Amino acid sequence: MAAPLARRAGRSAAAALWGAARGFASVGSDIVSAAPGVSLQKARSWDEGVATKFATTPLKDIFYGKKVVIFGLPGAYTGVCSQAHVPSYKKNIDKLKAKGIDSVICVAVNDPYVLNGWAEKLEAKDAIEFYGDFDGSFHKSLDLEIDLSAALLGRRSHRWSAFVDNGKIKSFNVEEVPSDFKVSSAEVILDQI
């Protein structure tokens, strides 16, 4: 198995082996192939959902032929996600675009309607594309699913970020715990592009 790309602040060799054993996506792997048959739901209002017949977006349409920065987080309206994670990307959008990034995407295990309301509240919808992974299948395919039932959130996503070029993962960062915000910020990914 290829060693994971997950960069973890202050991680030991034993912790890196833990990541490899878990099977996190790795540098050079194809993010679309890692999640076969998975589609995401672009953030939208209920009326937009009805108008599009609840259309989903295949991963190939999101990643192939583009340079994408994607970050995943446990959920809309939660503390670190609202106060630090999304704002770090919103604040650095011009720097990311200057490095040739076509899309900056936030994905969470939420429905697209909740993500739409949250993106509007954060005034981030013009800078960042928000996608719902309503059933967690994208995160589960990438082995980024975590049980946060103790925080009354249920099955969610680890906090993570990646730079993806034409579907290939070029850098990948996973926080040790979902409340951490050390390796998945826009500032970290900027240095990896």
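Predicted model: local features only at pLDDT ≥ 70, side-chain atom pairs only at ≥ 80, totals over all residues.
Trainee: OK, where does S88 lie?
Mentor: S88 is part of helix α5, residues 79-91. Helices here are DSSP runs of H or I with at least four residues, strands are runs of E with at least two, and both are numbered from the N terminus.

Trainee: Is S88 buried or exposed?
Mentor: Buried, because its relative accessibility is 5%. The cut-offs are under 20% relative accessible area for buried, over 50% for exposed and partly exposed in between, with a 1.4 Å probe and protein chains only.

Trainee: And what is S88 in contact with, leaving aside neighbours within four places in sequence?
Mentor: F181, S185, A186 and E187; contact means heavy atoms within 4.5 Å. For A186, the backbone nitrogen lies 3.0 Å from a polar atom of the S88 side chain.

Trainee: Switching to D30. Which side chain does its side chain make a polar contact with?
Mentor: That of Y64, at 3.0 Å. A polar contact is a pair of N or O atoms within 3.5 Å; within protein, one must be able to donate a hydrogen and the other to accept it, and residues adjacent in sequence count only if both atoms are side-chain atoms. A polar atom of the D30 side chain also lies 2.8 Å from the backbone nitrogen of V32.

Trainee: Where is D30 found?
Mentor: In the loop between α1 (13-22) and α2 (31-34). D30 is buried, at 13% relative accessible area.

Trainee: New topic: how many aromatic pairs does the structure hold?
Mentor: It holds 7. Rings of Phe, Tyr and Trp (its six-membered ring) pair if their centres lie within 6.5 Å; planes under 30 degrees apart are stacked, over 60 edge-to-face and the rest tilted. One of them is F138 with W160, tilted, 6.3 Å centre to centre and 45° between the planes.

Trainee: Which parts of the chain does that pair link?
Mentor: Helix α8 (residues 137-141), which has F138, and strand β8 (residues 160-165), which has W160, 22 residues apart. F138 is buried at 0%, and W160 is buried at 0% too.

Trainee: What does W160 form with F172?
Mentor: A tilted aromatic pair, 5.7 Å centre to centre with 45° between the planes. F172 lies in strand β9 (residues 168-174) and W160 in β8, so the pair ties together parts 12 residues apart in sequence.

Key:
Residues numbered from 1 in each chain as written. Heavy atoms only, no water.
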